[in-house]
Each structure stands twice: as C-alpha cells, then as structure tokens.
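Please keep the sequence and the model in view while reading.

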Amino acid sequence: MRDQQLIDRFVEVAKGAGAVIEPVESIVAAVEYLAHQVSGTLLLPSFASGERYDIAGALRAAGINVVTEDFRGAADQAEAGLTGVNFAIADTGSLALESTDEDIRLATTLPVKHFVLLDPEKIVADGLEAIKPMRQMHERSPRNYIAYITGPSRTADIERVLTIGVHGPKELYILLIPGLSDDFLEM
Amino acid sequence: MNKQRSKEYRERIGKALATPKLQDALHKFGDAYLLSREKAYTGLNFEEMRGKISEMKTGVRENHTELLDQFITNAESAGAIIYRAKDADDANRYITELAKRKNASLVVKSKSMVSEEIHLNHALEDAGIDALETDLGEWIIQLAGQKPSHMVMPAIHMFKEEVAELFGKETGKEEPAEIEHLVEVARGQLRQGYFNAEIGITGANVAIAETGGIALVTNEGNARLASTLPKVHVALIGIEKLVPTLDDAARVVQILPKNATGQLLTSYVTWIRGAVPCDGEEKELHYVLLDNGRSELAESKHCQDALNCIRCGACANVCPVYQTVGGHVFGHVYIGAIGIILTAFYHGLDNAAELVKACIGCRSCVSVCPSNIDLEEIILHLRETVGDEEGIGAGKALVFRKVMQNRKLFHSMIRAASLLQKPVTRGERTIRHLPLFFSPLTEWRTLPAVANTPLRDSFDKKVQKIDKPRYRVALFGGCANDFLYPELGLDLIEVMNALDVEVFYPKDQNCCGIPAIYSGDKETALELARQNVIALMDEEPDFVLTTCPTCAMALKQNFVEHLKDLPELSDRAEKLSSITVDAASFVLNELGGAGLFADAADGKKVTYHDSCHLKRGVGVWKEPRQLLETAGFDLVEMAHSDRCCGFGGSYSLTSHPHISKKILEDKVDDIRASEAGCVAMDCPGCMMQIRGGLEKADMPVQARHTIELLAEVLRKKK
C-alpha cells in the first residue's frame, strides 16, 4: 500500500505546479468527469490501462467525440487529450509518460487540455528513485521518448510575469484512480 | 590595449546605465529569484548536491574520450546519425547541407545556446533557409534582431510594449500590450511552423553515455513539438554536456531548474533516446556534437572547471555588475561570470578582454554555482592572460612593477602624497572635492585623505602594558589600514591589550598583492608574497591578525598558491596561512573575548554590511554579528547585507567607476531603509566606499569597522 503521505505530497506539489487533481475512484466516475469537462474532440491514443477497460467505448457512450486515428490531422483542433501515466514523482509533482508512440506525444502536446489517469500506487518519492523504472523502460525498448510532465506549459519570458499555457497544454488534469494499474512499465 | 575596443565597451556601459528600467527589472528579478530559489531548496542540502555535481562533471572531463565513445556507440545503435563538429563553421556547414538535401525551406528551433554560440540562424539564412525560433524569449529577440541578454530568459531586457509592437508587425494588426494576450499571439503564430518545417532543431541539457540519449529541460512545450512534428530532428550538443548514467542525469535535472529559475522542476523534461516513430516512419535523428574550443578549455589547468557548467544562469542572476548593466554589456553570446570564461575560449580572448576586467570580484557567483566552479578565480586567471597578451597598461606597470615591488620607494611615495595632498584636503580627513579632471572621482563619494602619520610610524608609540601576554600576534595592516585609517590599527591594539594580547607590526610588510592580481600582474603578486612571508614569519608570531579580508585571503590562500613551488618559502607560507585570522574571529573564537564587551553599548541601532571577501572569501559572517550583539548593540539586518558595496579596489577608482557608483547607490539605499544610525563592517575598503557614499549623500549614518566599535565601547567602559 503506497504511503498515504507520499500520495498527499504528490497531490500538494502537483497542485502547486498548476495541475488540477481529481480523485475519481473508478473508471465510471472518470468518464462522468470527462463528459462534464470536454465538449469538443478528445484524442484517445492506445494505452494499456485504457484498452483493458475499453475507455474508448465508455467515453463514446457518454457522448464524447472520441478520435482514435489520424492524430496529425485532428490534434490541432482537438480540445483535449487523454492518456495514462507510467508513474509519478512526489517531490516535484511530476508525471512520467512513456511517449515513444507518436500518438501519445500528439495527444499531450497539441490540445489545450491534457487529462491523465493515474493509479496513486505508482508514485515514487523523487527523481533519483524514478531512475529505476526509467532504466527498466530503457532496457525493455531500444528507442524511447519519455516525457516528464509537471503542470501545464508556462513561460515568464515577458517581463518575468508567469503565464500559463504557451505551446503545450494550458490545463492539466490528473484523475486519481486506485486499482487502475500497478505496473510502472505500462500506461 | 585596444583603445577602440575599450571605447566602444565604455559606450555600451554608458547606454546601459542610462536605462533605469533595465536595472529595475534585473534588480527585481534578482530579489524574486533569491526567494524562490531558497524555497526550492527546502529540505535539501545545496552544498552536498553541488559537491556531487562537481565530482561527476570533473570525472566526465577526465574520462571524456571513453564516455563520448560510449555515448556515440549507444546513440548509433538506437538509430542516431552522429556528426562530430570541430568548430562553428563545421557545424553550420553540416546542418545547412542537411537542410539543402532535405529541400528544407523552414527549420523550427527550440532554445539552444549552442546554436547562438555558432550563429546557426545566420548560416541558415545565408543559405536561403528560414530558421524560426519557437521559444518565446528567443522568438522575441529574433524579431527584434537582438542577441539574448540572459541564458535562460533571453528577452529579460525587453518590455511588453516593445513586444506588442514586434508582434503587431507579424500579425499585421495592433496588438495590446497585455502579457497573457501576447503569449496567446505567440502560440498562434508559431503553431503552424511546427507542421510546416522539414527539420526541428533542439539543444540538449544532458547527453547520457549509458543510453546514448539526451534530455531537454523546458517549460513551454515547444521542444516537445519541435522534436515530434518535423521529419528530421537535429540535436546540437556541446561535448561537455555528457554525463555517465541516468542517475547522473537525474542529479543534473534535480538541481538545474532550482538554480535557474527557482522552480522545483520545469513543466517538461524530455528524455529522447534514438530515432523514434514519426508519422508512420522513423525519425531521421542527427546529433551534432560540437567542440568549438571545448577541448582547448579542457586542457587549460586553470580554466577547465568551467566545463562543469550546467548552464543555469544563476551566476548572472546574483551578479551586481550584471544587475547594473545587463547581458548585452556583461556578456558576448554567453553572459555573466561563466559567459566571460566561455567567451575567451569559444569566441576569442579579444571578445573577452573587456569583460574580464568588468568583474568586480565579489564572488556571489561562486556562492550559487551548482557545479561548485570557482568562477572568480578563473576570471582572475584570464585577466592575467590578457595582461600577458596585451600588457596591463603603462600606468599600472609603473605602479606595480617599478614602485610597489620596492617597498621603501612605495611607502615613501605615499608619505610624499600625504604632504602633497594638503591643497585638496585642506587639513581634513576626507576629500570632498577633487579639482579639474580628478573631480569625477569625488562626484559621488568622498575619499579619505592619506594619513599624516601612517600606522607603521605611530604603532610603536602606542604603549602596550601587558604583564603576562596570552599571545604575541603580528598585525598585517594592509595598505588601507596603514596609510588611510591608522586609527583602526591603534584601536586594534587597545582591544587586543584588553584581552591580554600583545601586538607587533612587522615593518617590512608590503602590499598583500591582491591589487596586482586584480590587474592581471602575477609577477608583482609573487614578489609581494615572497616579501610578506619573510617579513611576517621572521619573529614567529603566535597569530597574524588582519583587519582587511582581502589581505586575509591573500595571506591564507594566495601566498600559498604563489609560493608552492619554492621549497624555501612554501613551508612558511603554509604556516602563515594556518595562523592568519581576521580580528573579529580571533576575538570571538580564539580568545573567547565577547564577554569583555558585554552590554557595554547603549542599545544603539547598528546594521551590518558583509564584505565580499569576508563572507565569500574567508567564510566569516557570524562572528562580527555575535560580537556586536553581545556588546549590546541593537543589530538590525539590512536587505542585501551581503551584496557588494561596489568598491572592488581600483574598480571604483579607475577601471569601472560608473558601475561602482550605481552599486554603491543600491547599498546606501539599503542602509537608509534599515534605519540604523551606524553600519558596521570588517573591511577598510568597504569603509572607504560606504563612508564616502554616506557622506556625499549627507546621511548622518556612521560607517565603522567592528574593531573600531569595540574599542569605542571599551573606552566608554573606562
């Protein structure tokens, strides 16, 4: 059982970095939440936990316009992208996503909103502890594009004034779903 | 010395000093940065972290060939195409030829200082290829046709009104000068570029030998897009960016954002290993590994630590000179302390020569460097190199080599000056106005007159009656104590005698040599080290006391370094180093003497100024405070208590008086805001600067040496 303190720390720091944390407790609740948040197109790449629970079907049943193909064409107009998370890092409030599959990258870089499904079991204390699963990912696959994501995109380049939302997403939503997955090597 | 180059440089300084908006922005940033940085390191041990980074990066330099080979092998087996570029031209040629082969008309770039270093955009444009910067700050300066003025925030010197005007030209309509709106405009304008470009060019914050991959530390999301959408990805990597393992990379990633912007972590850290899928095919991935002077830098024993830099920009953030004149003056392509060093090796000594002299020597950079690089020491070494190449100037050569090395001649000239100065001192201890072309020297602060009787003459006249002395100590007065403030030395005798310590003044002591080092004259410094070690150790004192921390640094560190290859002197230099101590620390730690002064002061409000060389040179800042508090002063801290006062030796007098003036203004403002009636410090150089500034500003605040205050308290007690 992951230390509740660790989960609380992750939540606190992630919020501090501008992420919205939503403990949803189940896929059904997650889908309901998403239906309220997303009125436009939702990009849904293929990821292990999503496939396992037929997220695509559930989202469509809830009336969401789900796109699963031709992301290069659809991504720029899409409102949101939905992915899983391989694991999270508590001390910086960060998410680690194995994004070698281009669709994961397109879904998480172009739309204005990024939603993630995170099992709170998959949280490590800090960036140095994260190297264990990172190394495993490198060993398992000959090529990698692994993304650490901490809050939405930001800049302070104009007069040092912090502005949220630049080229990447403007909003990041972390849906906490216990029991979703305990495997760091899958999303 | 290049007169034209010097003239142009001074004009740039003048322009920067005439833009208070820039200084205001950089000062505010410096303050905000320190607060968020402190917060980011909560619960962490910065000293320990930077020790590990330093060790790791030094190992990288020492094992560079093997690590580079390992990186290349792993990168190639993951599908990367490697090009080892010798220099800027070589890298530019490779990239432009690649772009031509791909029929690329547009290249998108995420932020890369290396690409600035080699002027890549110029080379591409010359070849008819558009290079679009996507990092917001870089795009802004690209539109403005300017170079970055900071390594992490390139457009820190620009204001929203200017940005709105630039963007308006791009969009063809008037854009409101509202920051959130302007960022939205940039998002919209740059988006299509990612789709249209044939090539995406990024830098790399680390290159990991273990995996053959790189990591990019970013906030905006543009590096993710630039490395995903275009069919070709070129990563421009300085060969010093290597780290051995993923764990080492994690340590760099852990410290870099905290030190750069005070963030716990940037919004994105992107770990790319090999050629990843791209629109149904495989990305064409090129790593351009750039040397451009890095191998030469690795060979330089004095400067090689500079290769440990992880490009956080903190050295500029905390630099009082940078905060006063900005990166376009205190930099070339790379800015701040590290910028000076890299400019010398990557862009040539000629481009670094003026910059090398513009460092005031306050060591604030050294205190925040996450790779523990002694940046100031390296800059002083480069100043010596410039001195060797170009000469140190006829005036200085005369003073240092012909006069100062001959102690008797040097001191008799100062005595002569004390007589000749009468027309301008009019018998007073301070000079308020110098005539004719000397008048700028006293425009913004008064100067002390040369004392009628230097300390070395009045010393023996002071009666020291101690029955059983605990210790017999030598006083190393230093030029300021000896010739400007002899009363400080006499006060020290009083304090010491009250604690049963006998003091003597070795007459053959000469200038400590730091002014020569700061002017690039190693030869004179060496000769002075020799003279002083012999003079001070002759009567085998128990301790050697200093009232000037610059002198303390010379005795504790420089002399040992200068004389280490002279067996007949090196032992004595080591011994001297071990027995040298600043007066305040001696009173508190060695003598346990704080109690003697207890509650003797009348609760007078005092604030404390930390001299650069006391705090960041010999590591003392608690002792004077403890003495003052125990003595019953009401100690109130001023803002920026450890920020330089602007003295810097000849910096304030001859080399950069205008920058010195501005830095002094900041210090006087902070003293005023503290509402203390007295500012204490442990350095006669700072005394000269701060006293002079307070007097010129007609502020009734006293500037006193801690020892002076303690002596005063003793006299009151009697």
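Which residue in β12(A) does A:Ile21 stand opposite? The residue is A:Ile174. The model is predicted: local features need pLDDT of at least 70, side-chain atom pairs count only at pLDDT 80 or more, and totals for chains, interfaces and linings use all residues. Residues are numbered from 1 along each chain as its sequence is written, while chains are lettered from A and ligands numbered from 1 in the order in which they are written.

Strand β1 of chain A and β12(A), residues 171-176, pair in the parallel sense over four bridges. Strands here are DSSP runs of E of at least two residues, helices are runs of H or I of at least four, and both are numbered from the N terminus; two strands pair if DSSP finds at least two bridges between them. Both strands belong to an open sheet of six strands in chain A, with parallel pairing and the order β1-β12-β7-β4-β2-β3. Because β1 (20-23) and β3 (65-67) of chain A stand at the edges with a single partner strand each, one side of each has no neighbour in the sheet. From one strand to the next, the twist averages 25°. Helix α2 (residues 27-37) of chain A lies across β1, β7 (113-118) and β12 of chain A, and runs at about 160° to β12(A). Such angles run from 0 to 180 degrees between N-to-C directions, with axes fitted as lines to C-alpha atoms, for helices over the stretch in contact.

The next subject is the meeting of the two chains. The contact takes 41 residues from chain A and 50 residues from chain B, where two residues are in contact if their C-beta atoms, placed from the backbone, lie within 7 Å. On the side of chain B that touches chain A, α10(B) supplies the largest share, seven residues. Strand β9 (residues 144-149) of chain A is joined to β9(B) by six bridges, and the two run antiparallel. There, A:Tyr148 stands opposite B:Val269.

Elsewhere in chain B, B:Thr446 lies in the loop between β13 (430-431) and β14 (447-448). B:Thr446 counts as buried because it has 21 C-beta neighbours inside 10 Å; the term requires 20 or more other C-beta atoms within 10 Å of the residue's own, with C-beta atoms placed from the backbone. Leaving aside residues up to four places away in sequence, B:Thr446 touches several residues, among them B:Thr430, B:Gly692 and B:Lys696.

Note on methods: Buried ≥ 20, exposed ≤ 12 C-beta atoms within 10 Å, placed from the backbone.
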